[in-house]
Each structure stands twice: as structure tokens, then as C-alpha cells.
Amino acid sequence: MARIPAVEHAFAAGPLPAGPGPSATGAGAVDADVAGAVLRTARAVLSERVAQASEIDASFAGDLAGRVADFTLDGGKRMRPRLLWWGMRACGAADAGSTAAALRLGVALELIQTCALIHDDVMDRSRLRRGKPAMHIGLAGRAGLSPDSERGSAFGTSAAVLAGDLALAWADDTVTETALPAPVRHRIRSIWRSLRTEMVAGQYLDLHGQATGGSSAARAIRTACLKSALYSVERPLAIGAALADADERTTAALRSAGRCAGIAFQLRDDLLGVFGDPARTGKPSGDDVREGKPTYLLAVARERAEAAGDEGALAVLGRAVGNADVTEEDLADVRGVFEATGARAHVERKAERLRDHAVRRLGEAVDLDAHGGRQLLGLLHTVSGSRSGNSPDDMRERDTLAATTRVLTPAEGGRVR
């Protein structure tokens, strides 16, 4: 396999200027560019972290800490911080203290996502992330080793685990050092503890399902809830509600909306992983099948084939799922099974129901006609997505979705970074 060259990173070469800090940024200014405000805050936080690492050891700072900082700053849609921000704003908070805290906690969410992605690439043996060498590949190259050699692979993997651990430690430090009123601090730390553990639990269930080669539909939904819905949507919304000191009814409705939207996102992603056009999705089609991912789509297809006594369908799934050498013909057969068993249509309907429920619950929590409510509605539509296919109906739904989420303009916090 061809060697992927290491990429030099800005922080690895020395911390960059942090730029304007968040202290003088009011809520209205952040509304205009949420992602940009989070990025500026992240630069300030991470410049301090890398400087502290430099005091410990220059090699550690340049090789590892700088790369963790760059990974966090480079790419990503800042969706979790945006959900946190608009959750807070939809609940009515706009004071300087909440604004500064929201931006710092948004950085903590970005750091825990860095941890998750670095470790995920190690577990999946992925060589690329965002078009660049994955952390374990880059670290092996930085040490002058080939990531394909036994020595280079062992070093890169071990160093990447440490990089993910460092990102998690920095995330915890950022939460701990954020100034908060005592009651709010207690609520947010409780949410944060749950978020961390749920993230690990979801990843474990996913790995366990791959290793054992099977998962029930109920177990697959539980995995999707832990791995995507809670960590990526529900908990960020809950942190935003806590910053606004929202009441229990509002918080519960927001959490329910986030959970439904997050599960819908995972179901859509599972469908795209099999039926999506790589030109549109930016990733190969069929990887979930090759890796034996215990998706809800797969579980439904298996359960329906077993109930119908369809040995042919079960043979197709048994031959292809978890087979790294699966052919395009095999993948076409798997798609046929998903269609013939009705699994695809069932998953699409379930995702649609979850999206609709998310919108209803959001309307019970906040005013959807207010600025913050409109932005949050747009984000939940973006998260829960549209149909996985490319039929005229699917295209019309995407057009409707685009019109619904038009509020997420660059001028209103929708810029993708």
C-alpha cells in the first residue's frame, strides 16, 4: 500500500496568534457567525494548551499537542457548538456570562469530538480524515516511520490513542475552567459526565456488534441513540438549556427533540452508506457492509428475512456482510435484499416519523417564530436530513428541506468550517 506522506501542522510548528478573544463578543454578534466565534475561542483556548505543553516538553508539544490543536481547528461543521448555542438562545439567554460560557463549552464539545474521531480512525484502520492523513498515519510519518510497517503501525496507533486521550483531557479542563454560576455549573457537569460515558458506550456497542456479527433491531437503535443522538444532539441542546436556566419542561422537550433528530440522522446515514451516491456523500458506498456495521437497516433486513424464511436473502447477507473483499455485484445483491424485505422503506419511514416528532417536541419547548427558535428548527432539519434516494420525490424533499433551513445563512451562524 502506498505510503501517505505526513502533513506538517501549524501548531506543530509553533502556536499561531489566537486572534480576537470572545470576551468582547456579544450574543448578537455571535448570532451572525456562530462557527466563527467558536473557532476564535478555540484558537485562544488551544494556544494556551499548546503553550502549556511546550513547557513540559518541546517534542510532545510539536508532535502531539500541536496536532491535536490543528485537528480540532481544521474542518468540521461545528454542529454540536451550534446546537448548544441556538439551544441557549432559543431558551432566551443573551447575557455576557452565558455567551462566553457557551463559546468555551462549544470548544469542549469540539475537543471531545476530536477524541472520538481520532480513536474511531484507529479502530476502523482509516487512513484518511477530511482528505488528510488520519492521526495515526501522520504521527508515524512524523517519526520517520512507514505507517505500513509493523513498527510504524504500532507507534502510530499508540501515539494516536494518546492524542485522543489528550483531546479528552483538554475538553474536561475547558469545562472545569469555564466560569458558571453554581447551580448552572452543577447541571452542566452532570450532563457532561453523562455525555462522555454515553459516547464510549455507543462506540463499544458498535464494536461489539461488528465483532459478534449480529445485532437486533432494538440493539441497533440503542447503539444509534448512544453513538449519535445523545452525544451529538441531545446533550449539546441540554447544555444550552442549562446555560439559559431553562425549566424542566422546556429541557425535557428539547432533549426529546434532539434525541429523535439524532436517531433520524443515524438512520439516514446508514441508508446513505448503502444507497448514497459517492459523488454526493463524499464517501464510498458499501463500507458499512464491508465492515459488518450492526446498523438498524441490516438488523431489520435480517429479522424480516428470518421471519419470512427467505434463505436466499440470508445467504446474500451472510456472504457479503463483514467481507472486506465484497464485490460490487455482492453489494448490488445486498441492496436488493434491503429493498425486497422492505427494510429500506421501513427505515426511511421511521426516520421521517422521528424527524416529525423532533419538530413537534421542539415546538413544545421554544417559540419557533422567534429568531432562536427558527435557527434551532433549521438545525434539527439539517440533522435529521432528507430521503436517501434520488427519485423526483426525494429531490423535491431536498428542495423543501433547503427552503426550510434557509435561515442558516452565513450571516446567521450557518457557515460551515
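Predicted model: local features only at pLDDT ≥ 70, side-chain atom pairs only at ≥ 80, totals over all residues.
Q: Ok, how many helices and strands does the protein have?
A: The protein has 18 helices and two strands. Of its 417 residues, 53% count as buried, where buried means under 20% relative accessible area, exposed over 50% and partly exposed in between, using a 1.4 Å probe and protein chains only.

Q: Back to α17: what does it span from end to end?
A: Helix α17 covers residues 371-384, so 14 residues, and reaches 20 Å from its first C-alpha to its last, close to the 20 Å expected at 1.5 Å a residue. The expected span is 1.5 Å times one less than the number of residues.

Q: Why call α17 largely enclosed?
A: Because eleven of its 14 residues are buried, α17 is largely enclosed by the rest of the structure. Among the buried ones are Gly372, Gly373, Leu376, Leu377, His381 and Ser384.

Q: Switching topic: at what angle do α3 and α7 cross?
A: The axes of α3 (residues 58-73) and α7 (residues 150-176) cross at roughly 60° and come within 9 Å. That makes α3 oblique to α7. Axes are lines fitted to C-alpha atoms, for helices over the stretch in contact, with angles from 0 to 180 degrees between N-to-C directions. Under 35 degrees counts as roughly parallel, over 145 as roughly antiparallel, 65 to 115 as roughly perpendicular, and the rest as oblique.

Q: Which residues make that contact?
A: On α3 they are Phe60, Leu64, Ala65, Val68 and Ala69, and on α7 they are Ala159, Leu162, Ala163, Leu166, Ala167 and Trp170. Contact means heavy atoms within 4.5 Å.

Q: And Thr176, where is that?
A: Thr176 is in helix α7 and counts as partly exposed, at 49% relative accessibility. Its C-alpha lies 9.7 Å from that of Leu105, 71 residues apart along the chain.

Q: Which non-glycine residue has a positive phi of about 55° and where is it?
A: Arg78 has that phi, and Arg78 is in the loop between α3 and α4 (79-90). Arg125 also has a positive phi, near 55°, and its place is the loop between α5 (96-124) and β1 (128-129). Most residues other than glycine have a negative phi.

Q: Are those two buried or exposed?
A: Arg78 is buried, with a relative accessible area of 4%, whereas Arg125 is exposed at 70%.

Q: Last one: what does Lys293 touch?
A: Not counting residues up to four places away in sequence, Lys293 touches Asp124, Asp206, Gln210, Lys227, Asp288 and Leu298. Lys293 is in the loop between α12 (287-291) and α13 (296-308), and is buried, with a relative accessible area of 10%.

Methods: Residues numbered from 1 in each chain as written. Heavy atoms only, no water. Helix = DSSP H or I, 4+ residues; strand = E, 2+ residues; numbered from the N terminus.
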